[in-house]
Amino acid sequence: MALHRDIFWVGKQWTVTGAGIQAVDQRLRGVLDIDLARLWDDDLVQSRRAKPGVNAADFDKALTVARERFPQTPVPDPIVAQLEALGAIETPVASPVVPAMKLRAEGQLARFLPQWRIRR
């Protein structure tokens, strides 16, 4: 897998990107990469750290930077989710009112506004 376009930190062997932790060496084809969703999975992290040839200090630094950059999202409780689905717990409802359309052409020159036409 190629490196993600958003690169936040580059080490000797590891990078922190928008996709998670990725190996700098692209000949590995993403075998050792850790996705953002699995960044907090300690079993996966320990298995990657235990692989032969992994620079542990660089990996630990990448893991620290990635976990600071992408904090862990709380996992919703499945029981609470079921109660909300059944309607036993009331959840706040967003306002169903659609905002009114606003004309944003005031104070602008007409020649710089985008033109539109209705075709028949």
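**Around Ala 66**

Apart from neighbours within four places in sequence, Ala 66 is in contact with Val 16, Ile 21 and Leu 39. Keep in mind that this is a predicted model. Ala 66 has its place in helix α2. With 0% relative accessibility, Ala 66 counts as buried, because buried means under 20%.

- Trp 9 is 57 residues away from Ala 66 along the chain, and 8.6 Å separates the C-alpha atoms of these two residues.

**Aromatic pairs**

- A pair of aromatic rings is described by the distance of the centres and the angle of the planes.
- You can look for two aromatic pairs in the structure.
- One of them is formed by Phe 8 and Phe 70, edge-to-face, with 5.9 Å centre to centre and 70° between the planes.
- This pair links distant parts of the chain, 62 residues apart: Phe 8 belongs to strand β1 (residues 7-10), while Phe 70 is in the loop between α2 (56-69) and α3 (78-86).
- Phe 8 is partly exposed, with a relative accessible area of 35%.
- Trp 14 and Phe 59 also form an edge-to-face pair, at 5.1 Å centre to centre and 70° between the planes.
- Trp 14 lies in strand β2 (residues 14-17) and Phe 59 in helix α2, so their pair ties together parts 45 residues apart in sequence.
- Both Trp 14 and Phe 59 are buried.

**Arginines over rings**

- The charged end of Arg 69 sits over the ring of Phe 8, 3.8 Å from the ring's centre.
- Arg 67 lies over the face of Trp 40, 4.7 Å from the ring centre.

Conventions: Residues numbered from 1 in each chain as written. Predicted model: local features only at pLDDT ≥ 70, side-chain atom pairs only at ≥ 80, totals over all residues. Heavy atoms only, no water. Phe/Tyr/Trp six-rings, centres within 6.5 Å; stacked < 30°, edge-to-face > 60°. Helix = DSSP H or I, 4+ residues; strand = E, 2+ residues; numbered from the N terminus. Buried < 20%, exposed > 50% of the residue type's maximum accessible area, 1.4 Å probe, protein only. Lys NZ or Arg CZ within 6 Å of the ring centre and 35° of its normal. Contact = heavy atoms within 4.5 Å.
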